[in-house]
Amino acid sequence: MSFILTLILSGVISVHPASNPQGRMLSMYDANLNGKLYPRSGRMLWEKEEHPAPQFVMPKPDAEAVSYGTSVSRNEFGIRNGIFPSNSGDRAAVYRLDESRVSQFPLLDINTRTGSLRNIRYPMNGMPSELVSLCVIDREGNILSTMDVTDFDEERYLTNISWSPDDKYIFIHVLDRAQHHMRLNMYRSDNGAFVRTVLEEENMAWVEPQDPVRFIKGSWNFIYRTNNRDSYMNLYLCDTLGNVRRLTKVDADVEYVANDGQWLYYTTAEFSPVENHLMRMSVKNPKRPGKPQRLTQTEGWHSVSMKPDCSAFIDRWSSFNDPGAVELRNADGSLAEELQRFSDPLSEYAQCEMELGTVKAADGITDNYYRLYKPLGFDPSKKYPLIVYVY
């Protein structure tokens, strides 16, 4: 016990002190169902985001177990929906999902008084899977074209759909079922014809695409994100001919936020795995990108919402010892206005001391992060049982 604690304490990053020892004890109800314990703010939207999205009528299914415009592949590989409007909004790419070969799997519905079974279609390992294709429709649901995807076999995944700036082309990440090979393919949107493979990824463990390509405003260069080339999720500047240049050169995961044709905005974990910060980089000259600039300085985790024209952003942040705030900031990171400040939701409760720190892995180099909760009224001269929870 003493050895373990000594090892852990050597990497302490921050301590949240014990407080209010006579306060209320935190119950399971409070921890799980009491909404007051989780700082909330009303959803803040930029004006352009409040405009209704284009509405499309889905084609009528042409067979049983066929549907259009639904999410596919169990929401894997960055798939969150099944409808992808064009930039003009007059057409949309939609998934056609055929589950006719997929076996049924019974689920127990406990919402009924005595319980009942409800069947879903679930592709078990090694058994026939769903068949997915991608169509282009107009607003009335007329199918205008179907992408001519022939890579790998028919149980391939089609992920991260995006349109070219002029709506003439559609880009699809095509992944084989074994998840070892991925091709970023370009197709004509008017007739579905294959144009070219822009780039490829291969990994005998797995390839896991998560993001569509994002075009730099006013150009045909686009941002591509993968962890298959340099171990971490980094951003790459590409063109439709297959030229690839790494932009974010850090040993940490980064995530695309927005661009205005001059600046590329992204978040990064490069300063600490337990922090998230907003950065920007000049991409006005694709051949010579600028040096990254850090825009959020306060320690903690920053979740940002960029204004559509990239002139400002909403920054919601918190840290280990600060419930945080919601702030309006200018594009260069300077504070425009504090919109909301959060207070400690646990102030009326008896709080234990909590530590955040690191302990070295077996290689003696890699840091593993931990949180250590000490008992209320902790006495360092006493011995306590230690519960280790590893996720």
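**View 1. Four strands form an open sheet in the order E13-E14-E15-E16, with antiparallel pairing.** Strands here are DSSP runs (E, at least two residues) numbered from the N terminus, and two of them pair if DSSP finds at least two bridges between them. At the edges sit strand E13 (214-215) and strand E16 (244-246), each pairing on one side only. Strand E14 (residues 222-226) meets strand E15 (residues 234-238) through 5 antiparallel bridges. Look for Ile-223, which stands opposite Leu-237 in E15. A note on the model: it is predicted, so local features need pLDDT of at least 70 and side-chain atom pairs count only at pLDDT 80 or more, while totals for chains, interfaces and linings use all residues. Residues are numbered from 1 along each chain as its sequence is written, and side-chain values use heavy atoms, without hydrogens and water.

**View 2. Another open sheet has 3 strands in the order E1-E25-E26, paired antiparallel.** Its edge strands are E1 (12-16) and E26 (367-373). Strand E25 (residues 354-360) is joined to E26 by 7 bridges; in this pair, Leu-356 has Arg-371 of E26 as its bridge partner.

**View 3. The largest nonpolar core holds 18 residues.** Such a core is a set of buried (under 20% relative accessible area, 1.4 Å probe, protein chains only) Ala, Val, Leu, Ile, Met, Phe, Trp, Tyr and Cys residues joined through side-chain atoms within 4.5 Å. Tyr-95, Leu-134 and Met-147 are among the residues touching the most other members. Strands E4 (91-98), E7 (131-138), E9 (157-163) and E10 (169-175) each give two or more residues to this core.

Methods: Buried < 20%, exposed > 50% of the residue type's maximum accessible area, 1.4 Å probe, protein only.
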